[in-house]
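Dear colleague,

I am handing over the structure we spoke about, and below it you will find my notes on what was found in it. Please read them with the coordinates open beside you.

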Amino acid sequence: MFDRYDAGEQAVLVHIWFSQDKETEDLQEFETLVSSSGVEALRVITGSRKAPHPKYFVGEGKAVEIAEAVKETGASVVLFDHALSPAQERNLERLCECRVLDRTGLILDIFAQRARTHEGKLQVELAQLRHLATRLVRGWTHLERQKGGIGLRGPGETQLETDRRLLRNRISQILSRLERVEKQREQGRQARAKADIPTVSLVGYTNAGKSTLFNIVTSANVYAADQLFATLDPTLRRIDVADVGEVVLADTVGFIRHLPHDLVAAFKATLQETREATLLLHVIDAADVRLDENIEAVVAVLEEIEADDIPVLQVMNKIDMLDGFEPRIDRNDENQPVRVWLSAQTGVGLPLLFQALTERLSGEIVQQQLRLPPELGRLRSRFYQLQAIEKEWNEEDGSVSIMIRMPIVDWRRLCKQEPTLVDYIV
């Protein structure tokens, strides 16, 4: 479809600073992003500007420097740590005589590599097509594209129109498929809401350790690696939390600074798990020097997907990388847990996380003493299933007395199912 240079595995990286304070972490994150995509960086070109150049994004001298670096190193792609306009990409490709990708294109490429499920692949393709739609004109620069009426339209013009129509059709197909997926997810969420099962969603900056934490808490086998965007497809597992019962834990895609809007839009169905959650576990890399900026980036994305009003429990992860740091729970003025310090890698501090989850999710706890006649053994076994019995003893008349402790939602549900239950309260 495109007459253009092939993208290879070796690249020249370009990073431009637009402010006085040069934050090397920005460049380090970009280099990690590049290595996560499986590309080898042959050279890194940096520079400073007050504003982007309209033609090349960088100045003309810097653009020539990039083109020379491509020839010297034999690189087959130039990667920019910035969003480029279609015209800037086209001009740079002509000058460098190789493929040019901006930050959005690079992230989309990583997402395309990592998507495993049918839904994930559809979402990535949707984001890629939306990104491509603005750049279609670049594929046909080798063709004559005259404007005009009948007899004056060039072959490129008609080809371009055909491609736009095909793109529109494919985008509408994907949207209708994703709509079906979203309806299925919505049915699952409604069933959980009806059963009063709380949902806890893991959110956080990419590579903060969400999947590692998810695996150790749920004994799942979700792919976890020390790289950006290791997780794309949402995974849901049920866990048991004391005094709460069953809780659904959802592992979601990591966020990053300057996350492309196309991606946020494409991953709407996935991020819906976050928007509908009872509680968000914001996993933070406590050993990262950019801790505060990472938290701000996550908060910004949560605002964008309208999930900023959901209660949050911060999880300060990777304390094993901090010297002499012990796991603990930080509380607010109302003695409510707001932050848990732990290491998902070593498992240190996990009991504290479960304690904090109990306190944040359980709400009111019911404690009752019941005296059940022998014929109500079925009810006694139901309390055992709910792990609600703290103590039991036999009475002389053959009945059984039990001390129960359980969340108020479970108690109310049981009372609705067994209307005579209140008659046995001592």
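A residue is called buried here when its relative accessible area is under 20%. By that cut-off, buried residues make up 48% of the 426 residues in the protein. Please keep in mind throughout that this is a predicted model. The protein has 13 helices and 14 strands, and of the contacts with a separation of 6 or more, 69% are between residues 24 or more positions apart.

I begin with strand E7, which spans residues 245-251 and is mostly covered, with 5 of its 7 residues buried. With strand E6 (residues 235-241), E7 pairs antiparallel through 7 bridges, and within that pairing Arg237 has Leu249 as its bridge partner in E7. E6 and E7 form a hairpin with 3 residues between them, and in the turn Asp243 has a positive phi of about 65°. E7 also pairs with strand E5 (residues 199-204), in this case in the parallel sense and over 4 bridges, where Leu202 has Asp251 in E7 as its bridge partner.

There is also an open sheet of 3 strands, in the order E12-E14-E13, with antiparallel pairing. Strand E12 (365-372) and strand E13 (389-394) each have a single partner strand and stand at the edges, so that one side of each is left without a neighbour in the sheet. From one strand to the next, the twist averages 15°. E12 and strand E14 (residues 400-407) run antiparallel and are joined by 8 bridges, and Gln368 stands opposite Ile404 in E14. Helix H12 (residues 377-385) packs on this sheet, where it touches E12, E13 and E14, and its direction makes about 150° with that of E13.

The crossing in which H2 passes H3 is right-handed. On the side of H2, the residues Ala63, Val64, Ile66, Ala67 and Val70 meet Leu92, Leu95 and Cys96 in H3, and the residues of this contact divide into 8 nonpolar, no polar and no charged.

The other pair is helix H7 (residues 210-218) with helix H11 (residues 350-361), whose axes come within 12 Å and cross at roughly 85°; H7 and H11 are therefore roughly perpendicular to each other. Leu213, Ile216 and Val217 in H7 meet Leu350, Leu353 and Phe354 in H11, and the residues of the contact of H7 with H11 divide into 6 nonpolar, no polar and no charged.

Finally, is Lys318 buried or exposed? This lysine lies in the loop between strand E9 (312-317) and strand E10 (328-331), and because its relative accessible area is 16%, which is under the 20% cut-off, Lys318 counts as buried. If its neighbours within four places in sequence are left aside, Lys318 is in contact with Asn207, Ala208, Gly209, Asp285, Ala287, Leu342 and Ser343.

With best wishes

Technical notes: Residues numbered from 1 in each chain as written. Predicted model: local features only at pLDDT ≥ 70, side-chain atom pairs only at ≥ 80, totals over all residues. Heavy atoms only, no water. Helix = DSSP H or I, 4+ residues; strand = E, 2+ residues; numbered from the N terminus. Buried < 20%, exposed > 50% of the residue type's maximum accessible area, 1.4 Å probe, protein only. Contact = heavy atoms within 4.5 Å. Pairing = 2+ DSSP bridges. Axes fitted to C-alpha atoms, helices over the stretch in contact; angles between N-to-C directions. Left-handed = near helix turned anticlockwise from the far one by under 90°. Nonpolar A, V, L, I, M, F, W, Y, C, P; charged D, E, K, R; others polar. Parallel < 35°, antiparallel > 145°, perpendicular 65-115°, else oblique.
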